[in-house]
Amino acid sequence: SEGEHYDPEDEPVFVEEIKRNSNDLLALVNDVLFLSRVDARMVEVNRQPADFAASFDAHCHMGWSGNTNPELKTIIENPYEHLIVDIDEHLLGDVIEKLIQNAVFYTKEGIIRAKYVYRANNLIIAIEDTGNGLTEGAKQHLFDRFTDKSHAHLGTGLTLPIVKGLVELMEGTIEVTSEVGIGTTVWVNIPCEVTSNS
């Protein structure tokens, strides 16, 4: 029609935009379906003896594998060569990866540190960052659904609610400490029994 102009050179841009929007929609649908399964307790927790010391390193590296920011340093503090505990290694690994991905996005420079300790039949995992930190109001709504749509790869607004749901499925707890301008630490506590460690 009058006033419209089609330029074939624009076609690759349109195609990429359609692909991106399709991927975003697919991610949203997948997250909604998965969270629905978590809510209905249809996600099975399969606890088996696993070497958390080894898997912790692997999941940390997976979590920040997409980081290309030279201003961001990543640190793993792993106190054990081996720590065999009865956990769902897959679900707990998913939690660690999602928390690190979230920290990577919000930390433009400085450090992300992942660490854990085993104490009194509990794994206590901490993901620390030197990002912008959170206000008290933001902390109160951190695990609310559909509140964080600010970026594509975590933009369904369901990443942290899924993390919270998975932690609770594993009979654990999750807490956040944060200070504006200083950074944020997410603490995950998972009850489990140690089989052996060294």
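So, S178: its side chain reaches the backbone oxygen of G183, at 3.1 Å. Keep in mind that this is a predicted model. Where are we in the fold? S178 sits in strand β6, which covers residues 173-179. And is S178 buried or exposed? With a relative accessibility of 16%, S178 is buried, because the cut-off for that is under 20%. If you skip residues up to four places away in sequence, S178 touches G133, L134, K139, G183 and T184.

Okay, next one, T107. Find the loop between α3 (89-106) and β4 (110-118), and T107 is there. What does its side chain reach? The backbone oxygen of A103, at 2.7 Å. T107 has a relative accessible area of 1%, so T107 counts as buried. As for who T107 is in contact with, leave out neighbours within four places in sequence and you get N69, L72, I112, D129, T130 and G131.

For C60, the relative accessible area is 0%, so C60 is buried. C192 comes in at 4% relative accessibility, and that makes C192 buried too.

How values were computed
Residues are numbered from 1 along each chain as its sequence is written. This is a predicted model: local features need pLDDT of at least 70, side-chain atom pairs count only at pLDDT 80 or more; totals for chains, interfaces and linings use all residues. Side-chain values use heavy atoms; hydrogens and water are left out. Buried means under 20% relative accessible area, exposed over 50%, partly exposed in between (1.4 Å probe, protein chains only). Helices (H or I, at least four residues) and strands (E, at least two) are DSSP runs, numbered from the N terminus. A polar contact is a pair of N or O atoms within 3.5 Å; within protein, one must be able to donate a hydrogen and the other to accept it, and residues adjacent in sequence count only if both atoms are side-chain atoms. Contact means heavy atoms within 4.5 Å.
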